Amino acid sequence: MIVDLRSDTVTKPTPGMLEAMFNAKVGDDVFGEDETVNALEAKTAEMFGMEAGIFCPSGTMTNQIAIKCFTQPLDELIADQTAHVYRYEGGGIAFNSAVSTRLLNGYRGIITAEMIEPEINDENNVHYPHTSLVVLENTVNKGGGSCYTLEQIKPIAVLCQNKGLKLHLDGARIFNALAHTGDSAADYGKYFDGISVCLSKGLGAPVGSVFLADKQTIKYARRIRKVLGGGMRQAGFLAAAGVYALDHHVERLKVDHAHARILATELSHCGWVANVLPQETNIILFDTVEPAAVVLEKLAEHGVKANSTDKHRIRFVLHLDVHAEQVEHVVGVLKGI
Ligand SMILES: Cc1ncc(COP(=O)(O)O)c(C=O)c1O
């Protein structure tokens, strides 16, 4: 049996999703004529209490478009040092937006208003770049799926409003956070200027993310998407997978979290595991006594694929294509190492 725990991006479309894609009504989306893309954008915006949305090929593109929309060249943004926008988007903040990044040391990627405030530059001192944007990530990938609650986000939003900063959310796994915290998606629109929602992580669509903001920002975002080469034509075939995922795969994220809990508990009983980080959602980070590469090899011999994130740290990610029998298989493998 093969169990792929490398990432929640490895899922394949289900038969129901494929059927929805096959039957999608499409048009030329660069002309605004693809009714399935239009429906996905409107549906996602409504879910999060935002005015409008734009469908893009990837979460990297929605984040980079957001940063471009909310900054000017020579500005600075503030984010945690683990932030995907900074670490894993190829230096796009500097390349696409000519913006510098001020990094904070949050707890598992979670930062607070108290941490942000002293890092906002004095706008009257020309030595400093102009601080214009704060980026949060929920859940935090590098934090091991750690979550912000809306209560934690509110003071950050108030600070940003008071200081005239924009607030963007990298919501690649926002539905995992909502499943864990019980917060309502519709309330998110009150606090963020921009939200990036990925359809191709836990939700199981093959491609796509939606950037949400007000109408004027989304109008500009369409221009930036075109410049980046992200204007797609009959994209409704892909958007249909997104609509299907929003209709059918949101509730079931709790199953992934329960599976992660089973594996985290099992790992905490294993003598070859030095430490299991707190597990909240579908990601587990744990430290190994032996080098991670040695453990990964042993796991692979039993069909369990995973990745290391450090010399002694391994990441497991639960998702749509890991079923209860596979979780049971992994438990057996963990016991046997
Ligand atoms: C937190 C986070 N943001 C953004 C992305 C980028 O998504 P994509 O791979 O669709 O570009 C990822 C990808 O894993 C991610 O984990």
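**Ligand first.** I went to the ligand and counted its shell: 13 residues surround it, and the closest are Ser58, Gly59, Thr60, His84 and Ala172. For this I call a residue near a molecule or strand if its C-beta atom, placed from the backbone, lies within 6 Å of it. Helix H3 (residues 59–70) gives the most to this shell, with 3 residues. I sorted the shell by class and got 9 polar, 2 charged and 2 nonpolar residues. My classes: Ala, Val, Leu, Ile, Met, Phe, Trp, Tyr, Cys and Pro are nonpolar, Asp, Glu, Lys and Arg are charged, and the others, Gly among them, are polar.

**Ground rules.** This is a predicted model, so to speak of local features I need pLDDT of at least 70 and for side-chain atom pairs pLDDT 80 or more, while totals for chains, interfaces and linings use all residues. Residues are numbered from 1 along each chain as its sequence is written.

**The whole protein.** I found 14 helices and 13 strands. Helices (H or I, at least four residues) and strands (E, at least two) are DSSP runs, numbered from the N terminus. The radius of gyration is 20 Å, close to the 20 Å that the globule rule gives for 337 residues, so the protein is as compact as a globular protein of that length. That radius is taken over C-alpha atoms, and the rule is 2.2 Å times the number of residues to the power 0.38. Along the principal axes, the C-alpha trace spans about 60 × 50 × 35 Å.

I also checked burial: 49% of the 337 residues are buried. Buried means 20 or more other C-beta atoms within 10 Å of a residue's own, exposed means 12 or fewer, and partly exposed is in between, with C-beta atoms placed from the backbone. Then contacts: of those with a separation of 6 or more, 73% are between residues 24 or more positions apart. A contact needs the C-beta atoms, placed from the backbone, to lie within 7 Å.

**The 7-strand sheet.** I traced an open sheet in the order E2-E8-E7-E6-E5-E3-E4, with mixed pairing. Two strands pair if DSSP finds at least two bridges between them. At the edges I have strand E2 (52–56) and E4, each pairing on one side only. The twist averages 20 degrees from one strand to the next. (Axes are lines fitted to C-alpha atoms, for helices over the stretch in contact, and angles run from 0 to 180 degrees between N-to-C directions.) E3 and E4 are parallel, with 5 bridges; Leu77 has Thr101 as its bridge partner in E4.

**The 4-strand sheet.** The order here is E9-E10-E13-E12, again an open sheet, with antiparallel pairing. Which strands stand at the edges? Strand E9 (273–276) and strand E12 (307–310) do, each with a single partner strand, so one side of each is left without a neighbour in the sheet. Neighbouring strands are turned by 35 degrees against each other on average, direction ignored.

Ser308 has Ile314 as its bridge partner in E13, and Asn307 has Arg315. E12 and E13 form a hairpin with 2 residues between them. Towards E10, E13 has 5 bridges, also antiparallel, and one of the pairs is Ile284 with Phe316. Buried or exposed, then, for most of E13? I found 4 of its 5 residues buried.

Helix H12 (residues 253–268) packs on this sheet, touching E9, strand E10 (283–288) and E13. The direction of H12 makes about 10 degrees with that of E10.

I noted a cis peptide bond between Asn138 and Thr139, with omega about 0 degrees. Thr139 lies in the loop between strand E5 (130–137) and H7.

Leu74 has phi near 85 degrees, positive though the residue isn't glycine. Leu74 sits in the loop between H3 and strand E3 (75–80), and is exposed because 12 other C-beta atoms lie within 10 Å.

Ala98 has a positive phi as well, near 55 degrees. I placed Ala98 in the loop between helix H5 (92–97) and strand E4 (100–104); with 13 C-beta neighbours inside 10 Å, Ala98 counts as partly exposed.

Key: Contact = placed C-beta atoms within 7 Å.
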